[in-house]
Amino acid sequence: MNTLLRLYGWPHELLHALALLLLGRRPRGIARQHIDLPLDLGRRQFIFVALFPTAVFVLLAALGLLALLSAGSLLQMALGALLSAAGMAGAAGGAGDWRAVERALASEREP
């Protein structure tokens, strides 16, 4: 787990920051394992920012699988498998983001 945090910590958090920048916002703070989101994000904005890194890594995994399936040489096959594995590992790191979205939506429903 520590190896995954070292490899994917900064890229994951920087993708959250990129999602905020796409919305015209800035993070309050950023670290290797955490980003402080603005407190006044709307529900849709929060969901977009929270799930953006997972979506990017899933896309990388899908591109890797496509490259693997359409490989014309052993090198292309290896690169596709590597890209796919890297994307899947990054997407697995988004499980915490999914839980954060679930908690946020559940707290909205409580009276």
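The paragraphs below go through the predicted model from the whole chain down to single residues.

Residues are numbered from 1 along each chain as its sequence is written, and side-chain values use heavy atoms, with hydrogens and water left out. Because this is a predicted model, local features need pLDDT of at least 70 and side-chain atom pairs count only at pLDDT 80 or more, while totals for chains, interfaces and linings use all residues.

The protein chain holds 4 helices and 2 strands. Helices here are DSSP runs of H or I with at least four residues, strands are runs of E with at least two, and both are numbered from the N terminus. Along the sequence these elements follow the pattern α-β-β-α-α-α. The C-alpha trace spans about 55 × 30 × 25 Å along its principal axes.

The accessible surface of the chain is about 7400 Å², and carbon and sulfur atoms hold 66% of this surface. Such areas come from the Shrake-Rupley method with a 1.4 Å probe, and for residues only the protein chains shown count as cover. Of the 111 residues, 28% are buried. A residue is buried under 20% relative accessible area, exposed over 50%, and partly exposed in between, again with a 1.4 Å probe and protein chains only. Among contacts with a separation of 6 or more, 50% join residues 24 or more positions apart; a contact means heavy atoms within 4.5 Å.

Leaving out residues up to four places away in sequence, Ala17 touches Pro27, Ile30 and Ile35. Leu59 is 42 residues from Ala17 along the chain, and the two C-alpha atoms are separated by 18 Å.

Next come H2 and its two helix partners. The axes of H2 (residues 43–69) and H3 (residues 74–92) come within 7 Å and cross at roughly 160 degrees. The axes are lines fitted to C-alpha atoms, for helices over the stretch in contact, and the angles run from 0 to 180 degrees between N-to-C directions. H2 and H3 are therefore roughly antiparallel to each other. That term applies to angles over 145 degrees; under 35 counts as roughly parallel, 65 to 115 as roughly perpendicular and the rest as oblique. The crossing of H2 and H3 is left-handed, meaning that the near helix is turned anticlockwise from the far one by less than a right angle, whereas clockwise would be right-handed.

On the H2 side of this contact are Thr54, Phe57, Val58, Leu60, Ala61, Leu63, Gly64, Leu65, Ala67 and Leu68, and they meet Gln76, Met77, Gly80, Ala81, Leu83, Ser84, Gly87, Met88, Gly90 and Ala91 in H3. By class, the contact of H2 with H3 has 13 nonpolar residues, 7 polar and no charged. Ala, Val, Leu, Ile, Met, Phe, Trp, Tyr, Cys and Pro count as nonpolar, Asp, Glu, Lys and Arg as charged, and the others, Gly among them, as polar.

Ser84 is a residue of H3. Its relative accessibility is 3%, so Ser84 counts as buried. Val56 belongs to H2 and is partly exposed because its relative accessibility is 24%. Val56 and Ala91 are 35 residues apart in sequence, with their C-alpha atoms 8.0 Å apart.

H2 also packs against H4 (residues 95–109), with axes that come within 9 Å and cross at roughly 165 degrees. H2 is therefore roughly antiparallel to H4. This crossing, too, is left-handed. Here Arg43, Phe46, Ile47, Ala50, Leu51 and Thr54 in H2 meet Asp97, Trp98, Ala100, Val101, Ala104, Leu105 and Glu108 in H4. The residues of this contact divide into 9 nonpolar, 1 polar and 3 charged.

Two residues of H4 complete the picture. Ala104 lies in H4 and, at 25% relative accessibility, counts as partly exposed. Its C-alpha atom is 9.1 Å from that of Phe46, a residue 58 positions away along the chain. Ser107 is also found in H4; with a relative accessible area of 45%, Ser107 is partly exposed. Ser107 and Met77 are 30 residues apart in sequence and 45 Å apart in space, C-alpha to C-alpha.
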